[in-house]
Amino acid sequence: MPTRRELLVSALAAAAAATAAAAAATGPLALAVALQNEDRAPALPKGAVPSPGLAVEPVQPVQPARWWSPLPGREVACGLCFRGCQIPEGERGECGVRENRGGQLKTLVHSRPVALNLDPIEKKPFFHLLPGASALSLGTAGCSFHCRWCQNWEISQSRPEEIPVPTRTPEEIAALALKSGAPLVACTYSEPTVFAEYVLDLAVAARKAGIKTVVVSNGSIREEPLRELCQVLTAYKVDLKAFSEKTYRVMCGGELKPVLDTLRRLAKARLWTEVVTLVIPTVNDSDAEIRSLARFVRDEVGRETPLHFTRFHPTYRLTNLPPTPVATLERAREIALAEGLPFTYVGNVPGHPGESTYCPGCKARLIHRVGMATVANRLRKGACPDCGRAIPGVWS
Ligand code: SF4
């Protein structure tokens with residue numbers, strides 16, 4: 001019986017081999033294997049054989065962390081996420097991937113992606129960003145939250161030494177994206193905040209290669225690192241998990257206010273932003289909470305912000321609740337539309353009309369999506385071809 005660690009190593013090797021194969025094949029057939037309903041990392045295939053070309057390093061290399069400050073007694077204060085961990089020498093922060101070595105904060109996950117895959121950009125989901133494009137997607141071990149419904153808990157709640165992986169430098173990732181024909185690199189699956197140094201270096205390397213970098217995040221990042229990332233990123237997706245401090249605290253081990261602050265800062269920085277809320281029965285699905293959330297997005301992020309209400313499926317530590325009824329998602333969408341958010345979507349319900357983009361002016365369907373696939377895009381230079389109304393997004 002393979003151990004969890006052996007399965008993870010096998011999975012990474014298989015995922016890397018699949019990515020290489022997809023890169024070699026390029027085209028819709030290669031991407032089709034990556035089509036899933038949610039932004040999950042590749043599943044762990046039992047019995048997968050590691051590729052001989054992928055030697056893993058048993059000792060975790062470290063690199064200097066960027067955002068921290070020294071404290072008396074050789075402690076350090078991490079300045080990356082809302083927690084602001086004060087870390088004694090030899091110990092790690094809450095995310096498990098940043099360690100105090102000799103009074104210096106180090107990151108253990110720079111250039112150490114534990115999942116690497118070609119995904120459609122709609123899977124993140126980004127709906128107003130290069131529709132139909134593929135994104136070379138990666139994530140490392142570690143997370144600043146502990147959500148009970150995490151679909152990628154096997155990597156987000158792991159420590160780096162539990163998943164020994166080959167090094168992938170930012171330049172190698174950019175080259176792999178180029179080779180695969182993907183115009184985007186997506187930092188996703190776990191929590192890019194905790195590997196922000198890698199995100200920053202990746203985005204610089206990708207930009208030199210003409211490739212855009214996007215982040216899929218819980219929004220827990222602090223102001224200074226976010227400001228630096230905004231200089232090099234193309235888009236940011238924030239999971240707004242609820243509109244309740246209690247839900248954040250009890251269900252995620254997080255806090256709502258820092259996430260709202262991040263959304264305000266993204267709006268101020270004018271970085272393209274989309275917001276996603278996984279609607280979970282009895283947790284965050286009341287009309288009042290949905291309405292408050294929609295009003296915040298409208299008033300503080302912008303009324304043209306895409307807002308995605310996605311369907312929950314029982315997983316990890318939240319298996320006692322049923323999948324979200326489709327009617328609940330439709331009601332959430334109706335509330336947000338009525339509050340003045342014309343780009344509100346239903347997600348994880350393949351084939352639902354609420355997956356598509358409609359012109360707020362003449363109501364014509366502009367981008368037809370089925371599942372995670374864009375099947376038709378009628379936009380002309382970012383505008384409705386029927387009434388000429390400009391549609392916000394990153395279209396080229
Ligand atoms: S990134 Fe990690 S170490 Fe830094 S404050 Fe957040 S949880 Fe703590």
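Asparagine 348 sits in the loop between strand 14 and strand 15. The model is predicted. Asparagine 348 has a positive phi of about 65 degrees, although it is not a glycine. Is asparagine 348 buried or exposed? It counts as buried, because 24 C-beta neighbours lie inside 10 Å and 20 or more are needed.

Arginine 270 also has a positive phi, about 60 degrees, and is not a glycine either. Its place is the loop between helix 8 (256-269) and strand 12 (272-279). Arginine 270 counts as exposed, because it has 9 C-beta neighbours inside 10 Å and the limit for exposed is 12 or fewer. The table sets out the two residues.

| Residue | Phi | C-beta neighbours inside 10 Å | Class |
|---|---|---|---|
| Arginine 270 | about 60 degrees | 9 neighbours | exposed |
| Asparagine 348 | about 65 degrees | 24 neighbours | buried |

A cis peptide bond joins lysine 124 and proline 125, with omega about -5 degrees. Proline 125 belongs to the loop between strand 7 (115-120) and strand 8 (134-139).

Now to strand 14, which spans residues 344-347. Both of its faces are covered. Thr344 and Val346 are buried on one side, and Tyr345 and Gly347 are buried on the other. Which strand is joined to strand 14 by 4 bridges? That is strand 13 (residues 307-311), and the two run parallel. Across this pairing, phenylalanine 309 stands opposite valine 346. Together, strand 13, helix 10 and strand 14 make a right-handed β-α-β unit.

Beyond the loop that holds asparagine 348 comes strand 15. Isoleucine 367 stands opposite asparagine 377 in strand 17.

The model also holds a ligand. Which residues are around the ligand? They are Cys78, Leu80, Cys81, Arg83, Gly84, Cys85, Gly93, Glu94, Cys95, Arg98, Ser144 and Val194. This shell divides into 6 nonpolar, 3 polar and 3 charged residues.

Conventions. Residues are numbered from 1 along each chain as its sequence is written. This is a predicted model: local features need pLDDT of at least 70, side-chain atom pairs count only at pLDDT 80 or more; totals for chains, interfaces and linings use all residues. Two strands pair if DSSP finds at least two bridges between them. A crossover is right-handed if, with the strands pointing away from the viewer, the path from the first strand over the helix to the second runs clockwise. A residue is near a molecule or strand if its C-beta atom, placed from the backbone, lies within 6 Å of it. Ala, Val, Leu, Ile, Met, Phe, Trp, Tyr, Cys and Pro count as nonpolar, Asp, Glu, Lys and Arg as charged, and the others, Gly among them, as polar.
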